[in-house]
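The following is a set of questions and answers on one protein model. Please look at the sequence and coordinates first.

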Amino acid sequence: MDWHKLTRTHPDLAGIIDAKVLNVAMSPLGFKMAEEQINQMIADVDKDGSGAIDHEEFEFMITIKIGERDTKEELMKAFQIIDQDKNGKICVSNIKRIAKELAERFTNKEIQDMVEVADMDDVALDLDILC
């Protein structure tokens, strides 16, 4: 993304971008966001409280957003691989199977402890708990 092209669209902003330009910049990166989301993103990184962000603030913010998206997508893919019966849950038997496939050795207690730590009902991990 060419920072100079973004800031040139608003010459009076002198090297910073506002919510409107940020929304345009985020779209080609796959982020379709509401105005309030864009304003919150700016508020989260806007050190000087100007309501706009400079290049450093933009890089920080976009790194976080891309990291969130990639992490969630990767987590979803991993969940779907482990959830072999496709019921939206990962249970002890799913973990045992994937551990065996990966040549990882866990005791039954260790696997049960994993489920208990990650899920309140101690039966299975739901997708919505992880994502």
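Q: Which residues does Met-114 touch, not counting residues up to four places away in sequence?
A: This is a predicted model, in which local features need pLDDT of at least 70, side-chain atom pairs count only at pLDDT 80 or more, and totals for chains, interfaces and linings use all residues. Residues are numbered from 1 along each chain as its sequence is written, and side-chain values use heavy atoms, with hydrogens and water left out. Met-114 lies in helix H6, helices (H or I, at least four residues) and strands (E, at least two) being DSSP runs numbered from the N terminus. With contact taken as heavy atoms within 4.5 Å, the residues that Met-114 touches are Ile-95 and Phe-106.

Q: Is Met-114 buried, partly exposed or exposed?
A: Buried means under 20% relative accessible area, exposed over 50%, and partly exposed in between (1.4 Å probe, protein chains only). The relative accessible area of Met-114 is 31%, so this residue is partly exposed.

Q: How far apart in space are Met-114 and Val-92, C-alpha to C-alpha?
A: Val-92 belongs to helix H5 (residues 92–101), where it is buried along with others including Ile-95 and Ile-98. In sequence, Met-114 and Val-92 are 22 residues apart. In space, their C-alpha atoms are separated by 8.8 Å.

Q: What is the phi of Ala-103, in degrees?
A: Ala-103 sits in the loop between H5 and H6. It is exposed, at a relative accessible area of 64%. Although Ala-103 is not a glycine, its phi is positive, at about 60 degrees.

Q: Where is Lys-86 found?
A: Lys-86 is not a glycine, yet has a positive phi of about 55 degrees. Its relative accessible area is 58%, so Lys-86 is exposed. Its place in the chain is the loop between H4 and strand E3 (89–91).

Q: Why are Glu-101 and Arg-97 separated by about one helical turn?
A: The side chains of Glu-101 and Arg-97 meet in a salt bridge at 3.0 Å, N to O; the term means a side-chain nitrogen of Lys or Arg within 4 Å of a carboxyl oxygen of Asp or Glu. An α-helix has 3.6 residues a turn, so residues three or four places apart point the same way. Glu-101 is exposed at 53%, while Arg-97 is buried. The separation is about one helical turn because both residues lie in helix H5, four residues apart.

Q: Which residue forms a salt bridge with Lys-109?
A: Lys-109 is exposed, at 56% relative accessibility. The closest N and O atoms are 3.1 Å apart, and the partner is Asp-113.

Q: What is the distance between the closest N and O atoms of Glu-56 and Lys-47?
A: The structure holds three salt bridges, one of them between Glu-56 and Lys-47. Lys-47 is exposed, with 66% relative accessibility. The closest N and O atoms of this pair are 2.7 Å apart.

Q: How many residues does the largest nonpolar core have?
A: A nonpolar core is a set of buried Ala, Val, Leu, Ile, Met, Phe, Trp, Tyr and Cys residues joined through side-chain atoms within 4.5 Å. In the largest, the residues with the most contacts inside the core include Leu-22, Ile-38 and Phe-58. Helix H2 (19–26), H3 and helix H4 (55–82) each supply at least two of its residues.

Q: At what angle do H2 and H3 pack?
A: Among the residues that meet are Leu-22 and Met-26 in H2, and Ile-38 and Ile-42 in H3. Axes are lines fitted to C-alpha atoms, for helices over the stretch in contact, and angles run from 0 to 180 degrees between N-to-C directions. The axes of H2 and H3 are 10 Å apart, and the angle is about 105 degrees.

Q: Where in the protein chain is confidence lowest?
A: pLDDT is the predictor's confidence in each residue, from 0 to 100. The chain averages 75, and 77% of the residues score at least 70. Confidence is highest in helix H3 (residues 35–45), at a mean of 87. The lowest mean, 51, is that of helix H1 (residues 3–8).
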